[in-house]
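Please read it alongside the sequence and the coordinates.

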Amino acid sequence: MRIQGRMFMWLSVFMLAMAIVYGVWSKEPAGTTALFLAFGLSIMIGFYLGFTAKRVDAGAQDNKEADVADDAGEVGFFSPHSWQPLSLAFGGALAFLAIAIGWWLLYFSAPLIMIGLWGWVFEYYRGENRTQ
């Protein structure tokens, strides 16, 4: 993680330099703001990765003498099948569509979002996946 943190920190330095150059050269506020926001996001990710790298064991990517097989193994638990993201996607799409069409559409998107959130949080509390 230490390498990725450094990469994002260098990316944030580059983004800051480009935001300043772009802002001075073009005097266009939207692109300048977008570049400064990209700088902020990049520095947050870099800080998080660097902060977390100090608290976890060094991975194979931090060892210059490591082989590809050193990083093999279980990465984590991922849900094998879940319908909840589909409900959240439809609800989110309707919510963003409400901005363009009309706010009344939020009455239809809110229940889909709430059902998707509820189902996702409590997915492993009942049913066939209860023991996982």
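In which segment does glutamate 123 lie? Glutamate 123 is found in the segment after helix 4 (106-121), where helices (H or I, at least four residues) and strands (E, at least two) are DSSP runs, numbered from the N terminus. The model is a predicted one, in which local features need pLDDT of at least 70 and side-chain atom pairs count only at pLDDT 80 or more, while totals for chains, interfaces and linings use all residues. Residues are numbered from 1 along each chain as its sequence is written, and side-chain values use heavy atoms, with hydrogens and water left out.

**Glutamate 123**

- Glutamate 123 counts as buried because its relative accessibility is 13%; buried means under 20% relative accessible area, exposed over 50%, and partly exposed in between (1.4 Å probe, protein chains only).
- The side chains of glutamate 123 and serine 82 are joined by a polar contact of 2.8 Å. A polar contact is a pair of N or O atoms within 3.5 Å; within protein, one must be able to donate a hydrogen and the other to accept it, and residues adjacent in sequence count only if both atoms are side-chain atoms.
- Apart from neighbours within four places in sequence, glutamate 123 is in contact with Ser79, His81 and Ser82, contact meaning heavy atoms within 4.5 Å.

**Helix 3 and helix 4**

- Two packed helices are described by the angle between their axes and the distance between the axes.
- For helix 3 (residues 84-100) and helix 4, the axes come within 8 Å and cross at roughly 155°. Axes are lines fitted to C-alpha atoms, for helices over the stretch in contact, and angles run from 0 to 180 degrees between N-to-C directions.
- That angle makes helix 3 roughly antiparallel to helix 4; angles under 35 degrees count as roughly parallel, over 145 as roughly antiparallel, 65 to 115 as roughly perpendicular and the rest as oblique.
- The crossing of helix 3 past helix 4 is left-handed, a term used if the near helix is turned anticlockwise from the far one by less than a right angle, with right-handed used if clockwise.
- On the helix 3 side, the contact is made by Gln84, Pro85, Ser87, Leu88, Phe90, Gly91, Gly92, Leu94, Ala95 and Ala98. Helix 4 contributes Leu106, Phe108, Ser109, Leu112, Ile113, Ile115, Gly116, Leu117, Gly119 and Trp120.
- By class, the residues of this contact comprise 13 nonpolar, 7 polar and no charged. Ala, Val, Leu, Ile, Met, Phe, Trp, Tyr, Cys and Pro count as nonpolar, Asp, Glu, Lys and Arg as charged, and the others, Gly among them, as polar.
- Serine 109, a residue of helix 4, is buried, with a relative accessible area of 1%.
- Not counting residues up to four places away in sequence, serine 109 touches Gly91, Leu94 and Ala95.

**Helix 1 and helix 2**

- The axes of helix 1 (residues 2-26) and helix 2 (residues 29-53) cross at roughly 160° and come within 8 Å.
- Helix 1 and helix 2 are therefore roughly antiparallel to each other.
- Helix 1 passes helix 2 in a crossing that is left-handed, and their contact has 18 nonpolar, 9 polar and 1 charged residues.
- Glycine 50, in helix 2, counts as partly exposed at 27% relative accessibility.
- Glycine 50 and glycine 5 are 45 residues apart along the chain, yet their C-alpha atoms are separated by 4.8 Å.

- Lysine 27 lies in the loop between helix 1 and helix 2 and is exposed, with a relative accessible area of 67%.
- Most residues other than glycine have a negative phi. Phi of lysine 27, however, is positive, near 55°.
- Tyrosine 22, in helix 1, is partly exposed, with a relative accessible area of 33%.
- Leaving aside neighbours within four places in sequence, tyrosine 22 is in contact with Lys27, Glu28, Gly31, Thr32 and Leu35.

- Tyrosine 22 and methionine 114 are 42 Å apart in space, C-alpha to C-alpha, and 92 residues apart in sequence.
- Alanine 17 belongs to helix 1 and counts as partly exposed at 34% relative accessibility.
- Between the C-alpha atoms of alanine 17 and alanine 110, 93 residues apart along the chain, the separation is 42 Å.
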